[in-house]
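Biologist: I am new to this structure and would like a close look at a single part. Please show it first.

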Protein chains: 2
Amino acid sequence: MVTPKTIPQYRRLYEILRKHILDGVYKEGDLLPSENELCQLFGVTRPTVRQALSSMSNDGYIRKHQGKGSIVHHLPREIGILSVSGTTSAVGDRKLITKIIVKPKLMNWPHDFMFPLSELEQESGCIYMERVRFLEEIPIFYDISFIANINLPRITARQFENRSLFQILRDYYHIEIKGGDQRIKAIPATAKISRFLHLKKDQPVLHLERKMETNNPGLFLYSSIFCNTEKYSIFGRF
Amino acid sequence: MVTPKTIPQYRRLYEILRKHILDGVYKEGDLLPSENELCQLFGVTRPTVRQALSSMSNDGYIRKHQGKGSIVHHLPREIGILSVSGTTSAVGDRKLITKIIVKPKLMNWPHDFMFPLSELEQESGCIYMERVRFLEEIPIFYDISFIANINLPRITARQFENRSLFQILRDYYHIEIKGGDQRIKAIPATAKISRFLHLKKDQPVLHLERKMETNNPGLFLYSSIFCNTEKYSIFGRF
DNA sequence: TTAATTAACTTGTATTTACAAGTAAATAAT
DNA sequence: ATTATTTACTTGTAAATACAAGTTAATTAA
């Protein structure tokens, strides 16, 4: 583990307000304290408060109205995988159970990889893994992940069972996911997908192809995710 | 038409830089002028420049790197319907041809509407329309739209053929789309959907249910969109 | 030549100040 | 009582300033 760096004040304020909303201290429709009140409460200045509230708004926790204030927005019941929302994943990790299908292993990149790769990535080879994630006993995500093998010593030996990949990367390698791009398609389930997601063959499946950026420029995390959206929807903001 | 209000300086700068990137003045991988250079070039201060660059980064046009600068990001070839990106839609309207299936008409809201409605919305009834949008002769989107009938005089008489719904709302009613929430699913095409999108029945189709917010608080635009993602993917950021 | 240091950049965080613009409630005028 | 107006809030925009922290290239020392 590693000593975390000092957290910026606006980040700290963001996390506090976010937690208060998730814990129900502020409920949907409630008015947050005004910017000036938050300044006093937390001993910071207005631009700092505004920076925190801006993130809150971008991530869908509040709506801002000039002249009125910041109003708490409804919490989506759906699976919020589309919005990484800063530092934590949007699904409560409590309910989400992960099962490893293929343990992390070092290999070459596929020939027809879904995203273009840099030379460094190409040379380094990739760490590959497959997982299925369950929500309330139902398999929802079949997730194939790739990372370039750059400065990730002993990663194939780590315990992935009860910890998200993001957490491993953060705790052992200082790597934070900052955001990324994704392509979305609806495809018919292949035999393999239908087996893992308990679906019939050719049933519609949501396919996400994601390239995630990290605080380490040049290091990206790639994911091909197949989602069973029969019961749960994917939720996002735009 | 209406006289536009004065545009904020950071907004103006955003639009200029965005246009330069789209026009190829700055190409993928290029370094934008530094924040201080932009200050001088446009006669504004750094917080203003940073506000513009922050939006550029959020909308995926650039990546910022501390110590290095702002780097122009690749432009997605896919259909960017997932990111409304401020004031304009992300697909060049040039290539996107709209065909009206059901002309705008006033009616009652469906009983089992996809989003909860306020009392005011419920009472006002809704304006309903159906459209199919083509990209290079191929039908890609089958779009069912709903708006509450609040302060939209004569809207059912407007010419929608060559203009997007967003444009009509902006030009005649001062209404701007600010963002919104969406649910995403993969579903089998119904008979109706397959007819409009030239697909076989039960082929996978992407289904988006969107609630868009406007600058008029209390007025929302709802859309149920079915996408043919066989050839094109939907593109988004997170 | 090579390696370490320094200097000159870059963006990130934060304060302070000021006024504009939208909202809502209290107040005054009809 | 009703309608305008004022007032006191709210967030939005913008400037000027300072220092922290990351990157890169030039300089210096070995």
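Biologist: Which residues are the closest to DNA strand D, and how many surround DNA strand D?

Modeller: This is a predicted model, in which local features need pLDDT of at least 70, side-chain atom pairs count only at pLDDT 80 or more, and totals for chains, interfaces and linings use all residues. Residues are numbered from 1 along each chain as its sequence is written, while chains are lettered from A and ligands numbered from 1 in the order in which they are written.

DNA strand D is surrounded by 21 residues, and the closest are Ser34(A), Pro8(B), Gln9(B), Thr48(B) and Gly67(B). Here a residue is near a strand if its C-beta atom, placed from the backbone, lies within 6 Å of it. Two or more residues of this surface come from each of helix 2 (35-42) and strand 2 (69-72) of chain A, and from each of helix 1 (9-22) and helix 3 (46-58) of chain B. Helices (H or I, at least four residues) and strands (E, at least two) are DSSP runs, numbered from the N terminus.

By class, the surface near DNA strand D has 11 polar, 5 nonpolar and 5 charged residues. Ala, Val, Leu, Ile, Met, Phe, Trp, Tyr, Cys and Pro count as nonpolar, Asp, Glu, Lys and Arg as charged, and the others, Gly among them, as polar.

As for the elements of chain A in general, chain A holds 6 helices and 9 strands. Of its 238 residues, 31% are buried, that is, with 20 or more other C-beta atoms within 10 Å of their own, these atoms being placed from the backbone.

Methods. A residue is buried if 20 or more other C-beta atoms lie within 10 Å of its own, exposed if 12 or fewer, and partly exposed in between; C-beta atoms are placed from the backbone.
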